[in-house]
There are 2 protein chains.
Amino acid sequence: MPEVKIEEAKRFMVEALRAAGAPLKEAEAHAELLLHADVVGHYSHGMNRLELYLNDMKSAVCDPNASQVILKETAATAWVDGCRALGATVGNFCMNLAIKKAKECGVGMVAVKNCNHFGMAGYWALKAEKEGLIGMSFTNSSPAMVPTRAKKSALGTNPIAFAAPASEGDSLVVDMATTTAAMGKIEMQIRKGEPIPEGWALGADGKTTKDPQEAFNTGRLMPLGGFESTSGYKGYALSAMVEVLCSGLSGSNAAHDVPAWTHTQTKAPNLGQCFMAIDPSCFAPGFSDRLGNCLDHWREMEPMDPASPVLAPGDKEKINGSETDERGTIVYPQQQIDSYRIVADRMGITPMEIINN
Amino acid sequence: MPEVKIEEAKRFMVEALRAAGAPLKEAEAHAELLLHADVVGHYSHGMNRLELYLNDMKSAVCDPNASQVILKETAATAWVDGCRALGATVGNFCMNLAIKKAKECGVGMVAVKNCNHFGMAGYWALKAEKEGLIGMSFTNSSPAMVPTRAKKSALGTNPIAFAAPASEGDSLVVDMATTTAAMGKIEMQIRKGEPIPEGWALGADGKTTKDPQEAFNTGRLMPLGGFESTSGYKGYALSAMVEVLCSGLSGSNAAHDVPAWTHTQTKAPNLGQCFMAIDPSCFAPGFSDRLGNCLDHWREMEPMDPASPVLAPGDKEKINGSETDERGTIVYPQQQIDSYRIVADRMGITPMEIINN
């Protein structure tokens, strides 16, 4: 598969976003967000989605020049209008605000309406973690999860992200859709031509399906836990919790009113998002050491299979990130490279330079 | 099975806790906590555990007369020493503090060390909900969950509880162990003589078991999601998140250092707990109506099986609670009644009065 230098991938995304109307600062911020996903191996949320963001700007669903407005504020909280700016613009505004409040009074919590998609949820939690804080971020999204016992979807994949700093630069990072699998994983099984495990998705008949194409077409993902007998209602409950923190607090669309994200989007999704930062220094001293000890304890456990060591949450992405940084390149599917060559021509920017091995 | 009047069950628990050394106020508070679990049908966390609490007081693991100490404080946060008091004593102290802070500055977050078991996590989240706030509560617990890929347990069932007020007295209540099933559910299958589903627990050989007795003996519950292929690492990640909020912030024992809760306990568990309250009025107006609309939307969805309507998170407990209140009695297993008759004799209190149908 073709490889692209990390810096070249970023250059291309920044130019494309600029050509679509984003100011330089916001184009760079949004490119960083998408690049992070590719670097840590979550390709579905990386450059793969650039075209959707470009379309959103073209159709004025997204206003890349909009400034955010604080509608209500206390020492620890803020209610914000995202004003349909780019995901990274709103994410940076809100997480910076949450971080400032956490540094002032221990906790900062910001809920925001009128949002577009903010990429990988974990990116925002990590922004607080880099400041020595615990970070959390949540977003709702269009219906993709079937509540336990229901026939159709109502909630989004509504992710939970949580990041906390440990000693010696280590960290715990949780970044998970509250469905068993994210839609990106189902697309990957389609490309590989392999079935999906039972408990990932329902087919058109409302029963569990192993056919990834059928799962993709129906868009009925099962909540984390799967069936009712294996506690799928807990994943549904977590998704509902995220809904409360996002649309509940911010006054955005509820997930069941959010339009699906397509290449022909004309209606703003008005997503709700929520950002939190917590300062561990307001609690017991030694936080990062205690967390470091936990991470080590888990990693040092005897594995079932010696070839598959026990990981701490977030280790997979760290390993992917190190490998990408060492290689200096990102490997993209040929199909993605081809389609972005067409985008480049259409927008009058230089296509991505491919490295031939 | 024998029935006991709700008030009589409470009378018995208060007297037993008093006889073991708890002041009246704390005995009543703790009895309320256990009674709530029985009323809503979570019998494992109700009177079933009374004897463990009585033993903890007898062996001085629990000091029912201890006052809590605020060790560090900001407008939105507090770090508290629970001083080994009863679970309800510490829970009330900390959640009242979180509620006070939320009313003052939008969010209140309290982390506490030196805790004993605080019963059903949801009870504490509901305490904030009754004040018109969002409530959250977390606790760590002794090792019972096997991290993905590991052979043995390291984390607790580390529950997440979340409650939010909706219009017309309605509410969303999430109260879930981050394991697929709580240990109480496995005990229930033993009593029923029925197998457990795959994905609940590992046997002595480290493979999934359907034998509830083996699952109980090994104490190796699988994280929510089950196997790695069905995203069990997400349940593990959620449990790790709870660990950070509990032992990480409070400086208590980490789950892997917490002794199992037994009838011969001599070492204080030094659990960590975390309580949060959030004031929705600091964000977009109309919170409770929006949540009410979501709850209705989910409940009104077409079910797969018309005999099993779609529920909102927390509905099962509300239905159980209404049925209990209407009946006016709680139904306990004969075994539990018998063992508490022995306890009553030993402590010199009046045994529970049983209603003969």
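Predicted model: local features only at pLDDT ≥ 70, side-chain atom pairs only at ≥ 80, totals over all residues.
Start with the interface. The size of an interface is often given as the accessible area lost when the parts come together. Here, chain B and chain A bury about 6800 Å² between them, with 71% of that on carbon and sulfur atoms. Three residues, B:Arg149, B:Phe283 and B:Met304, account for 12% of the area that chain B buries against chain A, more than any other three residues. In terms of residues, the contact draws 89 from chain B and 89 from chain A.

Polar links turn up here too: 32 residue pairs are in polar contact between chain B and chain A, counting pairs with both residues at pLDDT 80 or more. On chain B, the elements that each supply at least two residues to the side touching chain A are β3 (77-81), β4 (107-115), β5 (134-139), β6 (160-165), β7 (171-176), α8 (232-250), β8 (271-278) and α9 (287-299). The largest share, 15 residues, comes from α8(B). Sorted by class, that side of chain B has 54 nonpolar, 22 polar and 13 charged residues.

Between chain B and chain A the count is two salt bridges. In one salt bridge, the side chains of A:Glu302 and B:Lys151 meet at 2.9 Å, N to O.

Next, the sheet. Chain B has an open sheet of seven strands with mixed pairing, in the order β2-β3-β4-β8-β5-β6-β7. β2 (69-73) and β7 of chain B sit at the edges with a single partner strand each, so one side of each has no neighbour in the sheet. From one strand to the next, the twist averages 15°. Further in, β5(B) and β8(B) run antiparallel and are joined by six bridges; B:Met136, for instance, has B:Met276 in β8(B) as its bridge partner. Helix α8(B) lies across β3, β4, β5, β6 and β8 of chain B, running at about 80° to β4(B).

Over all chains, the salt bridge count comes to 30. Within chain A, the side chains of A:Lys103 and A:Glu131 form a salt bridge at 2.6 Å, N to O. A:Lys103 lies in helix α4 (residues 87-105) of chain A and A:Glu131 in the loop between α5 (121-129) and β5 (134-139) of chain A, so the pair ties together parts that are 28 residues apart in sequence.

Key. Residues numbered from 1 in each chain as written. Chains lettered and ligands numbered in written order. Heavy atoms only, no water. Contact = heavy atoms within 4.5 Å. Buried area = accessible area lost by both parts, 1.4 Å probe. Salt bridge = Lys/Arg side-chain N within 4 Å of Asp/Glu carboxyl O. Polar contact = N/O pair within 3.5 Å; in protein donor to acceptor, adjacent residues only side chain to side chain. Helix = DSSP H or I, 4+ residues; strand = E, 2+ residues; numbered from the N terminus. Nonpolar A, V, L, I, M, F, W, Y, C, P; charged D, E, K, R; others polar. Pairing = 2+ DSSP bridges. Axes fitted to C-alpha atoms, helices over the stretch in contact; angles between N-to-C directions.
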